[in-house]
Amino acid sequence: MVGLGIVVFADYREERQRLLNDNMQRARALGHAIDGHILRAQSLVHSFAIADEILSGDVRNFSKRASRAIAGAGLRGHIFVYRFENGRPLLYSSKDDRFVAESIDSAAARLVFERGTSVISDLTIDPDSGHAFVNAHVPVILHGKVTYSAAIAIPTTELTAELLAQSLPSGWLVGLTDRKGIIAGRSRDSDKHVGRPASPQLRAAVLKSDVGTLETITREGIANLTAFSRSPRTGYTTSIGVPQAELIGPLQMKLASLIGTFALVFGLALLLARYMSKRISNSVQALIKPAIALGQGTPIAFDRLHLAEANEVAAAIGRAAELLTQRDRALRAQQEALQQFHFFTENANDILLVLEEAGQIRYANRMASRRLGYGNAELLGMEIFQIDKAATPKLFGRLFEYSRSTQITPFEREYTCNDGSVFPVEINATVLEHSGEWLMYVAPRDISERVQAEQAVRWAATHDAMTGLANRACLRECLLTLLSAEHCILDSGALLYIDLDRFKPVNDVYGHEVGDRVLLEVSQRIQALMRQTDLLARVGGDEFIALLGYRDDGGRHAVDTARSLIDAVSAPIKFGNIEVKLSASIGISRFPEHGDSADVLIHAADLAMLQAKHDGRNGYSFYAPEMDKQAQFAIQVERRLQQALEHGALALHFQPIVNLASGAVDGVEALVRLEDGIEPPLGPAAFIPVAEMCGLIAPLGEWVSLEACRQQGRWRDAGVHLQVSVNVSALQFQRADFMPQIRKLIAVSGINPHWLVVELTETAVMENMAEAVQILSELKKIGIRIALDDFGTGYSSLSVLSNLPIDKLKIDQSFVRRIDTDHASRAVIDAVIALANSLELELVAEGIETESALQYLRERGCQLGQGYYFSRPLPQLALGEWVKKRNAQVADDNRCSS
């Protein structure tokens, strides 16, 4: 019995320690969830800290806009703004529209101003409402100085909801305390205990260690075994307590069961022992009788039956013992494996589901319940079609059947939560057979952040960061849609090309900050005159285009709008003591009268605007055919280009592509020039559009590619090894004979395909995705490297981009050149660099012209770059000499540094 007690006590200690270890892990996981909630809210506020309203001092509108954005993001909380004056933080009062002295969370706000960093406050109680909050502060920096502290007040009810989402047993207690040991969230009676100190034992333990276990007494007087974990990021501590009675009760039941089992086994053992002792006694007698007979000199008689039985009994006992030992080991290993699997799946940070063939949910982990808003029992009674609304039993059945024999690629869907909200997921699914039954293991990964990043990149590519208006790319896309036959619902329309007169002196006299505020005011005035069906775009520094659609009225609506715009822009603009007066010159083109394509109409309106400026500014002018000198220029360029192709009057220049880390030359980009002796010489920007329009792009592209490959061979023979990049237009890429021409190019020039890079624009690839992937794959097979040019200016989907067989991304120079002045450009560059790193693509930055731009790109891990900072495009011989000198200089620098 003593041994039995020892076994039971050891089992109790083992179960107790296992539970504490599991709860330690649960506390850590819960801490990560709480951190995620708080830091997500803080990140959202941080993104607002660069908004125009707060930077311009418009705190009222900033608060309104930030509050709407927070609600739109599915968060609950209030926005507060602090300013530091006279040695103390002041809180902005929307009621009074001014900053007032306020003691609420002033300590955390003071730390923001002192440190210049983000701060998570301890628990804060609003003295008026009595509500409790956790505040996440971020600094708003203006002119290198912390000007404001913007904060989101997160209700503790939100944090308590995170605790309750863990679906732990009802008797367990889950808690959250701040750095001072004050309760900030509680799974039971939170309204009574939030804001009160935690138990003294827990507060003392947290002061000594970031993680641990201990025995505590709750405020209800219940003895608990508690595990806790303190977050290094927020300083908040999560704890999970299990009533000791829940451990002792099972222990007593187990003890009673073991005693009964012991008595039964003991009785059976006595019967078995009696039987076995008799058998053994017989076997021993079988050995003793011959010995006695031998001593007495009588004949020896062996009882062979009893000897054999003794041997068999011993062997059987040994085999039984071995089998029991093996079975015990197997059961223990299986139990440990199941416990480990269950622990990791239940505490996984992603949703995990197991589906039956008809779509019923067989298993859902804790994250599934938490993210979808259903209890675990509810989920197990549901079908996947209630969550994935786009799925149908028929489609799911096809997918299930297909997955039996083929590993399907990840795909994207939207899951619907219990409250009706949706979120995007990337699904990895595998169908496996288990115990004669086929089941689908589904791991849906929440890709909300990736989709938001994709939307941010797309928005930045189609909108002006300062004004929020559409940019030229967006305008062109809308105009193309409006002009297309299947979408055209209006008889006519007009483009108004608006250019501000005498705007440059505003920047020169008052600085760019005032200039930006003037542009913002002008854009708002113009936007106020637009109808809901109109579109206003900012297409240049002080240039705007308004797209008006209307029924044919002879242009009267366009004239009325132009006059209203001129009057609106002419009104004085005042900022404090500064008063600015501007005027506007407007050019008008009408469709379909002046053209049926976006580029023609924009060009016509631009020419009309120049005519309005020529006529004295502050007016408008309609496009007229005689303005179109550009058409004559295009005809002249076409003629010159045709003759140059026939007589060899084209020349190649090469711009170096430099490794930003080492400074060595990595390759060159081939750029064609029209140098036919007629002034002026023309670069590709002037004649490539003409070549595409008149059908000369194919022979021009073939000539450039062949000459570039031949020159690479000459450099190679001279000991200069460089990759050469050639640009391929969308029209070239889409030709049926593109791949045969590439193979012919390699055969004729003799270039090693690994030294050739083909550069394509997003437009060329995205127009026919399936065909593009096939052609790109063929290029990769023969060793040619592929670069996606001007990335960031198009509409590539990030998920689609991951399926393209490319090697490089080239950041468009329009973003690189604005690194020093434009936050939106930096945001796009950072997003593209992160994207390239995640897809393991090489990144090339175009248009590097300053040391600061180079340093910015290098610090963020951009590998390659080109631009005037390194060298302009050079002729063949000059480029070869430049490369030799550059590499020699790099080698010297490396020797000196070593």
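This note goes through backbone geometry and salt bridges in a predicted model.

1. Cis peptide. The bond between Phe591 and Pro592 is cis, with omega at about 10°. Pro592 sits in the loop that runs between strand 23 (583-591) and helix 18 (598-614).

2. Positive phi at Asn618. Asn618 is not a glycine, yet its phi is positive, at about 55°. The residue belongs to the loop between helix 18 and strand 24 (620-622). Asn618 has a relative accessible area of 39% and is therefore partly exposed.

3. Positive phi at Glu840. Glu840, likewise not a glycine, has a positive phi of about 55°. Its loop lies between helix 28 (823-838) and strand 31 (842-845). Is Glu840 buried or exposed? Its relative accessibility is 72%, which is over the 50% cut-off, so Glu840 counts as exposed.

4. Salt bridges overall. The structure holds 40 salt bridges.

5. Arg538 and Asp464. These two residues form a salt bridge in which the closest N and O atoms are 3.0 Å apart. Arg538 and Asp464 are both buried.

6. Glu759 and Lys810. A salt bridge joins these side chains, at 2.7 Å from N to O. Because Glu759 lies in strand 28 (residues 756-761) and Lys810 in strand 30 (residues 808-811), the pair ties together parts that are 51 residues apart in sequence. Why does Glu759 count as buried? Its relative accessibility is 2%, which is under the 20% cut-off, so the residue is classed as buried. Lys810 is buried too, with a relative accessible area of 1%.

7. Asp807 and Lys780. The side chains of this pair meet in a salt bridge of 2.5 Å, N to O. Asp807 is in the loop between helix 26 (798-801) and strand 30, and Lys780 is in helix 25 (residues 769-781), so the contact ties together parts 27 residues apart in sequence. Asp807 counts as buried at 14% relative accessibility, whereas Lys780 is partly exposed, with a relative accessible area of 33%.

Key: Residues are numbered from 1 along each chain as its sequence is written. This is a predicted model: local features need pLDDT of at least 70, side-chain atom pairs count only at pLDDT 80 or more; totals for chains, interfaces and linings use all residues. Side-chain values use heavy atoms; hydrogens and water are left out. Helices (H or I, at least four residues) and strands (E, at least two) are DSSP runs, numbered from the N terminus. Buried means under 20% relative accessible area, exposed over 50%, partly exposed in between (1.4 Å probe, protein chains only). A salt bridge is a side-chain nitrogen of Lys or Arg within 4 Å of a carboxyl oxygen of Asp or Glu.
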